[in-house]
Amino acid sequence: MQQEKNLIWKYLLYIAVLLVLFILETSLPMKLSGFHIDVLPCVALSVALLEGPLEGVVFGLLTGMLYDVGYGGAEGLLPLFYMLCGAAAGVLSQRYLRRILPSLYLLTASVQLLLGFFRYAYSWLEQRPTQLLLFLQQLCGETLVSIVFSTLVYFGVQFISNRYVKQDQ
């Protein structure tokens, strides 16, 4: 019974971290040198890295839903995208990646770049393309800034994960 309670508290704290970062991102202009700081996906990726693919799917879905609520866009595509990214991050963390900070850097960069290229392709579909070099400069800058700030998110999620460790029966 105590183990189930700890699990519930752990997931509630993960959700609290996700909501606090969402409120910060949507209410404050979080920019560094003109690059948008995007740390919301880092929560889902950190949870997937530390907990596994199922938790990655759930928190990826929550992240995508928060993006749809806060920023708009093509309805339902961001929850699907972040859900698949959370699942992939969880599977990769179980099979190929160690559960350490550089693995999160790799996952964050991959997700940011993949989403950026999807957005670029979408801008071409809407017939309002941007210049490729300017787009790449902005994308790389935002990716690097997000990687730097993902460290804080990782240590917060890791602290929660270590605080409520699953105890073997």
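## Aromatic pairs in this model

Searching the whole structure turns up 10 aromatic pairs (rings of Phe, Tyr and Trp, the last by its six-membered ring, with centres within 6.5 Å; planes under 30 degrees apart are stacked, over 60 edge-to-face, the rest tilted). Keep in mind that this is a predicted model: local features need pLDDT of at least 70, side-chain atom pairs count only at pLDDT 80 or more, and totals for chains, interfaces and linings use all residues. Residues are numbered from 1 along each chain as its sequence is written, and side-chain values use heavy atoms, leaving out hydrogens and water.

Here are two of the pairs.

| Pair | Centre distance | Plane angle | Type |
|---|---|---|---|
| Phe81 and Phe118 | 5.8 Å | 85° | edge-to-face |
| Tyr120 and Trp124 | 6.3 Å | 75° | edge-to-face |

Helices here are DSSP runs (H or I, at least four residues), numbered from the N terminus. Phe81 is buried at 10% relative accessible area, while Phe118 is partly exposed at 46% (buried is under 20%, exposed over 50%, partly exposed in between, with a 1.4 Å probe and protein chains only). Ring pairs also join Phe81 and Phe118 with Tyr67 and Tyr82 in a cluster.

Tyr120 and Trp124 are four residues apart in helix α5, so about one helical turn separates them. Tyr120 is buried, with a relative accessible area of 13%, whereas Trp124 is partly exposed, at 48%.

Lastly, a charge: Arg163 lies over the face of Tyr164, 5.2 Å from the ring centre (NZ of Lys or CZ of Arg must be within 6 Å of the ring centre and within 35 degrees of the ring normal).

Terms used. Helices (H or I, at least four residues) and strands (E, at least two) are DSSP runs, numbered from the N terminus.
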